[in-house]
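Biologist: Please put the model on screen, and then I will ask about it.

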Amino acid sequence: GKKKGIVLSFQVLRWAAACLVIAAGTAIYWIGQKDGAATTIVAVHKKVPDQAAPAKEGPASETNEPKTVYTVRNKASQGVSIDQELYVRRQSLFAKLNDMGSASSRVTAATEAYRLKGADKEIVDALVHTMNADPNTNVRLAALEALTRFYRETYVKQQLVRSLTKQTDPLVQIQLIQLLTRMKETSILDQLEKMVKDDDTMEAVKDNAYTGIFMLKS
């Protein structure tokens, strides 16, 4: 006998094929959408570091001058200790005091020394040497002004008294006399009397020496 089978019309087959095409297209579309979303997420994730603002740093030095306090403080966040900061600050100060090519640099160093909360023997000695030996009067006066910041310290007081015996700059002599007189430093009386009797002493210096003697004896 004849075998029984399922007979499908051509129209039904055509509709079935169309449905398969639509289903396949839909699946490809959704896969594409998911891939696109993943790509977008990755792209956004990668852009975040690029958008972050770069860390601010201090201005780069264009010269070979010693490091400034500003750059050292910047580096403090990178593990530089306070001792290191003080060391660099001191080295900068000494370098400027010894910069014989620039009087303004030496004045700046003396001004920086005045702002220090304390001064050890090395700094005091550097300032005393500057006050007594610098060729520029303004630098000498700036060094003396810096030393007045620490005049209560015994060592500083001793150096100021000693400086009066060797000081040759009239303007510095006058400032020293006035300072030591205000300090009630009677140990300078003998030196003041010598200055008064010395014919080489400038009249303005003698006048201040007379005033100092009168005030210290009264």
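The questions and answers below go through this model.

Biologist: What kind of model is this, and how are residues numbered?

Modeller: This is a predicted model, in which local features need pLDDT of at least 70, side-chain atom pairs count only at pLDDT 80 or more, and totals for chains, interfaces and linings use all residues. Side-chain values use heavy atoms, with hydrogens and water left out, and residues are numbered from 1 along each chain as its sequence is written.

Biologist: How many helices and strands are there in the protein?

Modeller: Helices (H or I, at least four residues) and strands (E, at least two) are DSSP runs, numbered from the N terminus. Along the sequence the pattern reads α-α-α-α-α-α-α-α-α-α. The count is ten helices and zero strands.

Biologist: What percentage of the protein's residues count as buried?

Modeller: Buried means under 20% relative accessible area, exposed over 50%, and partly exposed in between (1.4 Å probe, protein chains only). Of the 218 residues, the buried share is 30%.

Biologist: Which residues is Leu160 in contact with, leaving aside neighbours within four places in sequence?

Modeller: Contact means heavy atoms within 4.5 Å. With those sequence neighbours left aside, the partners of Leu160 are Met131, Leu144, Leu147, Tyr151, Leu176, Leu179, Leu180 and Met183.

Biologist: How are α4 and α6 oriented to each other, parallel or antiparallel?

Modeller: Axes are lines fitted to C-alpha atoms, for helices over the stretch in contact, and angles run from 0 to 180 degrees between N-to-C directions. Helix α4 (residues 103-114) and helix α6 (residues 137-148) pack at about 5°, with axes 8 Å apart. Angles under 35 degrees count as roughly parallel, over 145 as roughly antiparallel, 65 to 115 as roughly perpendicular and the rest as oblique. The two helices, α4 and α6, are therefore roughly parallel.

Biologist: Is Arg106 buried or exposed?

Modeller: Arg106 lies in helix α4 and is one of the α4 residues that meet α6. Arg106 and Val139 are 33 residues apart in sequence, yet 6.3 Å apart in space, C-alpha to C-alpha. Not counting residues up to four places away in sequence, Arg106 touches nearby chain segments, including Lys96, Asp99, Asp134 and Val139. With a relative accessible area of 3%, Arg106 is buried.

Biologist: What is the phi of Lys184?

Modeller: Most residues other than glycine have a negative phi. Lys184 lies in the loop between α8 and α9 and is exposed, with a relative accessible area of 56%. Although Lys184 is not a glycine, its phi is positive, at about 60°.

Biologist: Which residues does Thr168 touch, not counting those up to four places away in sequence?

Modeller: Thr168 is found in the loop between α7 and α8, where it is exposed, with a relative accessible area of 59%. Beyond the excluded sequence neighbours, Thr168 touches Arg140 and Gln173.
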